[in-house]
Amino acid sequence: MKYKSFAQLTKSPMKKNSWLLFLVFIASHLSAQRPQDKMDTLLTAYAKDHQFNGTVLVAQKGTVIYQKGFGYKDAAQKLPVDVNTIFQIGSITKQFTAAVIMQLQQEGKLSVTDKLSKYFTGFTNGDKITIEHLLTHTSGIYNYTNDTVRAKEDPTQPHSQAEMVALIKRYPADFEPGTNFNYSNSGYSMLGYIIEKVTQKPYELVVRERILQPLHMTNSGFDFTHLASSAKAKGYFSVTGEKINSAPIVDSTIAYAAGALYSTINDLHKWERAIYTNQILQPASWKAVFTPYKRKYGYGWTIDSTHGRLTTAHGGSIPGFTSYLLRFPQEELVVIVLDNTSSANLTKISRSLAAIVLNEPYEIPGPKKEIKVDEVVLKQYIGQYQIAPTFSIAISVRDKRLFAQVTNQPEFELFAEKETKYFLKINDATVEFVKDTNGNVTELILSQNGRQARGKKIK
């Protein structure tokens, strides 16, 4: 049988119009499917590279565009993640703490101008620190989770309010209230204790009664340790093939008002919709929540821009879990990403998913080409590199392989992209070593999520 060419088929008007209609139909169908297909391709690439293990929800104007799970909620048992899997969400908890504070202000039970000393005595600058300073990380109260000595203590053991307040009190102030910014879990813990004093109820119960129950967030709560649910994810520092590095569950009395909440993508979508529709708080209170102070931080949110558009966002990180909630208020677009590994890619993943919806450019991660580097060269990089007073990277060599260990995190192997530049296989990060004119290694550059941090070699 002799087949006609496309040109021959389209010679007659009837056949030509039929083909055009067919092509228009195909183009329309592909166009309708394209965003979801692109999201699948993007997330599959991250998951295949062991850079993502969790759930994603993308919604616009209240309609879910995409939701899907990748990887395992229990890696040992090979139980897959699905859209109902429950994750710890870490510092996204701060949004809920801030909302309760604003509710109590609306009711005249406290004011963001109240001094810390009204509720707790014995704090350095207690007569100067306001509730607003605590909300915006401008109080100067030291972030107790930065203490490398304390970090070695067992995080699974519960602590009383008295124990935690005493712990927070013992650190010297970082600066005078309102003069600087220092992200402080201690400050948000104190907000939780203030909520308890004002309401005469446990913080967790207050959040449940005032936010979770009214919004029907039935899969959210605080005591993750004792949560008995088949939907509960296990937390991991990393999962790479058959290599599983499990993480402990931090007790809710420690993470508390700064990071103890657990939830699902669909529950967090209910929370996000409540913000758009002015539920939970009055419009004036929501406006205060999203007013940026130092470092573009408001009350439990960072107010910034992404893809040239206004965004409000926050991430969470707690041993074994990471999270990110990214909102575009003017486009009424939200991206929610939850992961049960210590992934450092969620900010980049969230922005890329948003880019797909907004027709902006984004990158799909691909395998990097690994090269071999002589052990003599690797040993030049051994040492400790300080990025911040409480944040450093220790570089070591073992079995002709290079390893990096960030403060309070497990050790990860580095793979050579070139003699001075190395990458991680567990996330989209690179480490580049810098030499002086004499060939001595003086510092490293850590690149991640489009940002760079330099660390000087101190030993």
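Modeller: Let us begin with pairing: two strands pair if DSSP finds at least two bridges between them. Please keep in mind throughout that this is a predicted model.

Colleague: Which residue in strand 19 does Val-431 stand opposite?

Modeller: Strands of a sheet pair through backbone hydrogen bonds, either parallel or antiparallel. In this model Val-431 stands opposite Leu-446 in strand 19, and the two strands concerned, strand 18 and strand 19 (residues 441-448), pair in the antiparallel sense over seven bridges. Five residues lie between these strands in their hairpin, and Gly-439 takes a positive phi near 85° there.

Colleague: In what order do the six strands of the open sheet stand?

Modeller: The order of the open sheet is 2-1-12-11-10-9, with antiparallel pairing. Strand 2 (63-69) and strand 9 (302-306) each have a single partner strand and stand at the edges, so one side of each is left without a neighbour in the sheet. Neighbouring strands of this sheet are turned against each other by 15° on average, direction ignored. Within the order, strand 1 (residues 54-60) and strand 12 (residues 333-339) pair over seven bridges in the antiparallel sense, and Val-58 stands opposite Val-335 in strand 12.

Colleague: Turning to the helices, at what angle do the axes of helix 3 and helix 7 cross?

Modeller: Angles of 65 to 115 degrees count as roughly perpendicular. The axes of helix 3 (residues 93-106) and helix 7 (residues 203-212) come within 10 Å and cross at roughly 80°, which means that helix 3 is roughly perpendicular to helix 7. On the side of helix 3 the contact is made by residues including Phe-96, Val-100 and Leu-104, and on the side of helix 7 by residues including Tyr-203, Val-206 and Ile-211. By class, this contact of helix 3 with helix 7 has nine nonpolar, three polar and one charged residues.

Colleague: How many cavities of 30 Å³ or more are counted?

Modeller: A cavity is a space where a probe fits but cannot get out, whereas a pocket is open. The count for this model comes to two cavities of 30 Å³ or more. The largest cavity has a volume of about 80 Å³, and of the 13 residues that line it, Phe-123, Thr-124, Ile-141, Tyr-171 and Ala-173 are the closest to its centre. Its lining divides into eight nonpolar, four polar and one charged. The second largest cavity has a volume of about 50 Å³, and among the residues that line it are His-50, Phe-237, Thr-341 and Ile-426. Here the division is three nonpolar, five polar and no charged.

Colleague: And which element gives the largest share of the lining of the second largest pocket?

Modeller: The second largest pocket has a volume of about 320 Å³, and of the 14 residues that line it, the closest to its centre are Thr-240, Lys-243, Phe-412, Glu-413 and Ile-426. Strand 6 (236-240), strand 7 (243-246), strand 15 (401-406) and strand 16 (411-418) are the elements that give two or more residues to this lining, and the largest share, four residues, comes from strand 16. By class, the lining of this pocket has five nonpolar, three polar and six charged residues.

Terms used
Residues numbered from 1 in each chain as written. Predicted model: local features only at pLDDT ≥ 70, side-chain atom pairs only at ≥ 80, totals over all residues. Heavy atoms only, no water. 1 Å grid on protein atoms, 1.4 Å probe; cavity = no way out; pocket = protein on both sides within 12 Å on 5 of 7 lines; lining within 4 Å. Points joined across faces, edges and corners; volume = space filled by probe spheres on them. Nonpolar A, V, L, I, M, F, W, Y, C, P; charged D, E, K, R; others polar. Axes fitted to C-alpha atoms, helices over the stretch in contact; angles between N-to-C directions. Parallel < 35°, antiparallel > 145°, perpendicular 65-115°, else oblique. Contact = heavy atoms within 4.5 Å.
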